[in-house]
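Work through the exercises below with the structure open beside you. Try each task before you read its solution.

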Amino acid sequence: MMGRYLPGISVLRGYQRSWLRGDLLAGVTVAAYMVPQVMAYAEVAGLPAIAGLWAAVAPLVAYAILGSSRQLSVGPESSTALITATAVGVLVGGDQQNYAGAAAALALAVGAICLICWLARLGFLANLLSHPVLIGYMTGIAGLMIVSQLGKVSGIAVEGDSVLSELRSFVTHLGEAHLPTVLVAAGTFVLLVALQRLLPRWPGPLIAMVLAAVAVAVLDVDQMGVKTIGPVPRGLPAAAIPDFSTIDLGTLLPAALGVTIVAYTDNVVTGRAFAARRREVIDARQEFLALGAANLGAGLFSGFPVSSSGSRTVIGDAVGSRTQLYSLVTAAIVLLTMLFLGPALATFPLAALGALVVFAALRLIDFAELRRIARFRRSELLLALATAAAVLIFDVLYGIAVAVALSILDLLRRIARPHDGILGYVPGLAGMHDIDDYATGRQVPGLLVYRYDAPLFFANAEDFKHRALASVDAADPPVEWFLLNAEANTEVDLTAVDALEEVRRTLAGRGIVFALARVKFELREILASAGFIDRIGEDKVFMTLPTAVEAYQQWYAARHGSETPTEEP
């Protein structure tokens with residue numbers, strides 16, 4: 001029971017001393033990276049920077065106990081921060097006093113939805129978005145993150161309620177850029193890039209932020225108009241449930257559902273990627289429980305929705321993390337930071353935080369993966385780019401809906417017109433094969449063995465009917481038996497059964513026998529209940545292709561008084 005519901009505790013009970021050094025080093029390194037990063041993400045979410053730290057500790061502890069991944073670092077991250085900014089802005093309208101409470105309420109709603117999904121065993125949602133769609137979605141998120149920071153890194157008062165309007169505002173006011181702010185942002189960004197390339201295992205974000213804070217103190221750039229975080233409250237906020245009476249649940253719940261889909265998918269995809277390297281297994285259902293507890297913890301402590309961070313997970317894994325203990329070490333250091341380092345955090349310049357967000361956003365754009373998708377299939381690249389454009393044009397929440405819709409449409413497109421083939425024998429190869437794949441492939445004269453490589457349902461029933469009859473029309477010599485190899489037709493609906501019946505009836509009008517081979521038990525039951533088996537006859541349903549070919553040969557001999565023109569090689 002502990003291994004199933006408390007996997008983190010189960011791992012720690014069997015902890016090996018050899019893991020300790022890697023976990024401690026990873027915990028310290030990830031904490032050093034995490035502190036400035038989550039403060040920047042809080043700014044992205046429209047909250048005070050300290051809210052990023054408030055939203056970090058409880059989720060780290062909750063996931064370390066309940067999560068099925070040993071590597072994932074859970075807490076504030078880019079996607080959920082952007083969705084929070086969009087959703088909470090709609091929830092509160094112009095009432096900024098309720099902004100923090102609405103963000104915490106959103107986190108609680110996400111946690112509740114995750115727990116409901118866990119109880120309902122909806123782990124299949126992990127496969128809701130295809131890989132090209134996920135790559136495109138993250139590209140769009142990166143674009144939104146960069147646009148959201150244009151004001152912070154330039155000192156320009158950027159206005160607008162969409163990406164295009166914000167870009168237009170930024171471009172038309174370039175002459176108002178604040179030079180000291182631009183220099184701080186540019187210097188921070190250059191330093192982040194240099195540290196990433198030259199010293200990839202060092203806590204680059206922390207080093208850059210500390211140096212930016214030193215520059216503020218030594219050069220008095222704050223006196224030149226460079227804005228800083230300002231006073232930071234010490235300690236943790238008291239655990240409290242936000243006031244839901246002022247929040248429109250009709251707006252809150254769809255936003256929370258969108259966050260849940262993105263956060264959960266990100267958790268499982270990232271977790272599986274790292275688990276595969278060590279031959280570990282991610283429990284998709286358990287991830288709902290862990291993510292739900294993490295978001296409940298964030299909401300109770302005045303935070304905002306959280307998910308896994310790919311960048312922090314990569315750092316922990318590279319430094320040597322072995323178990324969930326490294327997340328507990330990270331949580332302890334973040335907690336100490338909140339208790340004692342508030343005055344130091346107050347000197348962090350907002351321009352440097354903006355540069356950190358831009359740096360993180362650019363790393364979300366996987367150019368290598370986009371090139372790989374382009375080489376694989378142009379249609380999948382278009383799918384990725386369309387998803388990115390949808391996120392940029394329609395914003396995050398509607399972008400999620402478009403991404404899901406594109407994934408479903410892409411699936412329907414593939415199934416609606418799948419590959420099909422006419423099977424025959426190939427000298428030197430056992431069994432039957434698609435004759436288009438082999439120059440020496442040949443059919444049994446008079447027997448057309450047809451395979452349609454997809455489940456049959458309303459979306460492809462008409463296509464199946466057209467292509468099956470077209471294959472009969474193109475056959476030479478004329479067809480006497482049409483044998484449907486149904487090994488790929490694992491599912492049918494009533495529309496598909498009607499299409500099968502229309503094909504059978506059309507062929508019967510031409511004097512052609514309709515038969516089935518390799519019919520799975522479940523499919524046979526469905527066809528029998530629809531009366532289709534009775535119409536073609538039990539003797540025309542075969543378990544294997546060889547028995548079907550043998551039956552055709554016997555039928556041919558009885559009908560024509562001679563043996564079949566060709567025998568199986």
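A pocket is an open set of points on a 1 Å grid over the protein atoms alone, with protein on both sides within 12 Å along at least five of seven lines, where a 1.4 Å probe fits; lining residues have an atom within 4 Å of a point. Grid points are joined across faces, edges and corners, and a volume is the space filled by probe spheres set on the points.

The model is predicted: local features need pLDDT of at least 70, side-chain atom pairs count only at pLDDT 80 or more, and totals for chains, interfaces and linings use all residues. Residues are numbered from 1 along each chain as its sequence is written, and side-chain values use heavy atoms, with hydrogens and water left out.

**Exercise 1. The second largest pocket**

Task: Find the volume of the second largest pocket and describe its lining.

Solution: 
- Start with the space: about 600 Å³.
- Next, the lining has 27 residues, and Val44, Ala85, Ser148, Gly160 and Glu166 lie nearest the centre.
- Then list the elements that give two or more residues: H3, H6, H8, H9 (150–154), H10 (163–172) and H20 (378–416). Helices (H or I, at least four residues) and strands (E, at least two) are DSSP runs, numbered from the N terminus.
- H20 gives the largest share, 5 residues.
- Sort by class: 14 nonpolar, 7 polar and 6 charged. Ala, Val, Leu, Ile, Met, Phe, Trp, Tyr, Cys and Pro count as nonpolar, Asp, Glu, Lys and Arg as charged, and the others, Gly among them, as polar.

**Exercise 2. The largest pocket**

Solution: 
- The lining holds 32 residues; Met138, Asp266, Thr270, Gly310 and Leu364 are the closest to the centre.
- Helices that give two or more residues include H3 (20–44), H6 (78–92) and H8 (131–148).
- H13 supplies the largest share, 9 residues.
- By class, the lining has 15 nonpolar, 11 polar and 6 charged residues.

**Exercise 3. Strand E6 and its neighbours**

Task: Which strands pair with E6, and in which sense?

Solution: 
- Two strands pair if DSSP finds at least two bridges between them.
- E5 (residues 447–452) is parallel to E6, with 5 bridges joining them. Here leucine 447 has tryptophan 481 as its bridge partner.
- E7 (residues 513–517) also runs parallel to E6, over 5 bridges. Here phenylalanine 482 has phenylalanine 514 as its bridge partner.
- Now trace the connections. E5, helix H21 (residues 461–473) and E6 form a right-handed β-α-β unit. E6, helix H22 (residues 494–509) and E7 form a right-handed unit too. Right-handed means that, with the strands pointing away from the viewer, the path from the first strand over the helix to the second runs clockwise.

Task: Why is E6 largely enclosed?

Solution: 
- Buried means under 20% relative accessible area, exposed over 50%, and partly exposed in between (1.4 Å probe, protein chains only).
- 5 of the 5 residues of E6 (residues 481–485) are buried, so the rest of the structure largely encloses this strand.
- Check both sides: Trp481, Leu483 and Asn485 point one way, Phe482 and Leu484 the other, and all are buried.

**Exercise 4. Backbone details in loops**

Task: Which peptide bond is cis, and where does its proline sit?

Solution: 
- The bond from aspartate 476 to proline 477 is cis, with omega near 10°.
- Proline 477 sits in the loop between H21 and E6.

Task: Is arginine 121 buried or exposed?

Solution: 
- Locate arginine 121 in the loop between H7 (99–119) and H8.
- Its phi is positive, about 60°, although arginine 121 is not a glycine.
- Its relative accessible area is 55%, so arginine 121 is exposed.
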